[in-house]
Each structure stands twice: as C-alpha cells, then as structure tokens.
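Trainee: I am new to this structure. Please take a close look at one part for me: the charged side chains and how they pair.

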Amino acid sequence: MLTLCELLSAKINAPSECNILNTHQQVVQCTQQLSLSPQTWTTYSGYFRDIVLICFAIKYPMEKEILEKLHENITLNQVKNFNILSSQQRYLIQWREEEFKRLDKLKESQLDIFEHVEKTNMYYQRMAHQVELLFETLVLLQNQTELSILQYNDMVSRHVEQVQMFLQDSFLYQAMKIDETLDSLLTKSNTLNQHVERTLLLQEQTVESWNLLTKVKRTYRCMEPIGISHEYRLSSDHESITFRGKVITT
C-alpha cells in the first residue's frame, strides 16, 4: 500500500493488477507486475526493506496515544468508581444511622410489648378468677332456678286441680240451671202456643164474622130498593141469616 501511495503521489500509473488486493494471489500478481518496471520495483523494494522501521516509527505515537487514552479512561473510571464508592459509603452511613434508630424503636416496642404482656397476664388472671366466681354463681342460680321451677310446677298443679274442680262444679251447676231454664221455657212455650192457638181461633172467628157482616150489608143494599124489609137475624153459628121467615145460607 505504501508503494501504491508513492506511485500515486509521483503521478505514475500503477499496474491494473494492484487495484484490488483482497487475496494473497492478487498480491503476488501485483508484485510480479511491479518487478517488470525498475522504477516501481525500486520503490517497492525500498519500502519492503524499511517497513520494520516505518512500522515502529508509526507504531510508537499510536501506542502512546492509545496508552494515554487508556490511562485517561482508567482515571475516569477510577473517579467514577470513587464517586460511586463515596455515594455508597454515605448511603451505608445513613442506612446504619437509620438502622440504629429502628433498633432503638424496636427496643422501645419490645419494652411496650413486654409491659402489655404483663398487663394481659394480670388481666387474664383477674378474668379467670371472675369466670370462676361467675361459674359458681351460675351453678347456684341454676340450683335455685330448679327449686323454684319445682315449687312453681307444684303450685301450678294444685291450682290447675282446683280450677278443674271449680270448673266441674260450675259446669254441673250451670247444667242444672240450664235444664231448669229449658223446662221453664218449654212450659212457657206450651202455654204461649195455647194462647196463640186461641188467639188465631178468635181471629179466624172475627174474620168470618166480618166477612158475614160484609155479605149481609151487600145483601141489604141489594134488597132495599125493591122494598124488602131489612129485618134479619144473625144465627149464633154465623152460618145463616133469616129475612122475614126466609133463611139465607152463607
């Protein structure tokens, strides 16, 4: 490549085989074409002889630049790491202080819990004693209640028996009174029926008499214009009327 650059700077046409140098075969062909011309071969052989010195001369500044960049990068990384470590140290210090505060609060909480546990135990003991007293009281109340229930059942039984006896006596008394009342009502009913029958009979007789009287009046009205005497006699059985010796049957 140095030979081609030199030829290009001198405005000398390089062989066409040297335009593309991708494989070893292409490099060999380019070298053979350069050897055909003394000028191109001298340029090539000179660079080939001094290539080590040229590479070393070019390599030193490049390596120096690379080392300087590497040192700069290392320094920047160290500064960055130092900042990270400083930040982590500050965070750890802060975290340690917070943890100590939390430990203090935890100790206080444990003390409070211990006090609450003691109070709870005392309260539980008092409650247990009260429960025992309550249980004894309930047993006593149960016994008293059972006794009261027995007494109440006995009293209720006696009262029920008395009520049953009273109701039985009352029932018998009321039954007797009802029988007497029914007998009296039947007697009065019979008497009333007799009076009603008599009244109905009298009403029938009265109606018959009224009807007979009405017929007599009609007959009298019919006979009066022709000069018939209106003397008549009403028989006792209300079945006939006598006009001047003549009997009119009704």
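**Charges along a helix**

Mentor: Start with K215, which is partly exposed, at a relative accessible area of 47%. Keep in mind that this is a predicted model. K215 sits in helix α4, which covers residues 51-223.

Now turn to the pairs. The whole structure holds three salt bridges.

Take E65 and K69. Their closest N and O atoms are 3.5 Å apart. Both residues belong to helix α4, and four residues separate them, about one turn of the helix. E65 is partly exposed at 42% relative accessibility. K69 is partly exposed too, at 47%.

Next come E99 and R102. Their side chains meet in a salt bridge at 3.2 Å, N to O. These two are three residues apart in helix α4, so about one helical turn lies between them. E99 is partly exposed, with a relative accessible area of 23%. R102 has 51%. The cut-off for exposed is over 50%, so R102 counts as exposed.

Last, look at D154 and R158. Here the closest N and O atoms of the salt bridge are 2.9 Å apart. Again both lie in helix α4, four residues apart, about one turn. R158 is partly exposed at 43%, and D154 is partly exposed at 41%.

Definitions and conventions: Residues are numbered from 1 along each chain as its sequence is written. This is a predicted model: local features need pLDDT of at least 70, side-chain atom pairs count only at pLDDT 80 or more; totals for chains, interfaces and linings use all residues. Side-chain values use heavy atoms; hydrogens and water are left out. Buried means under 20% relative accessible area, exposed over 50%, partly exposed in between (1.4 Å probe, protein chains only). A salt bridge is a side-chain nitrogen of Lys or Arg within 4 Å of a carboxyl oxygen of Asp or Glu.
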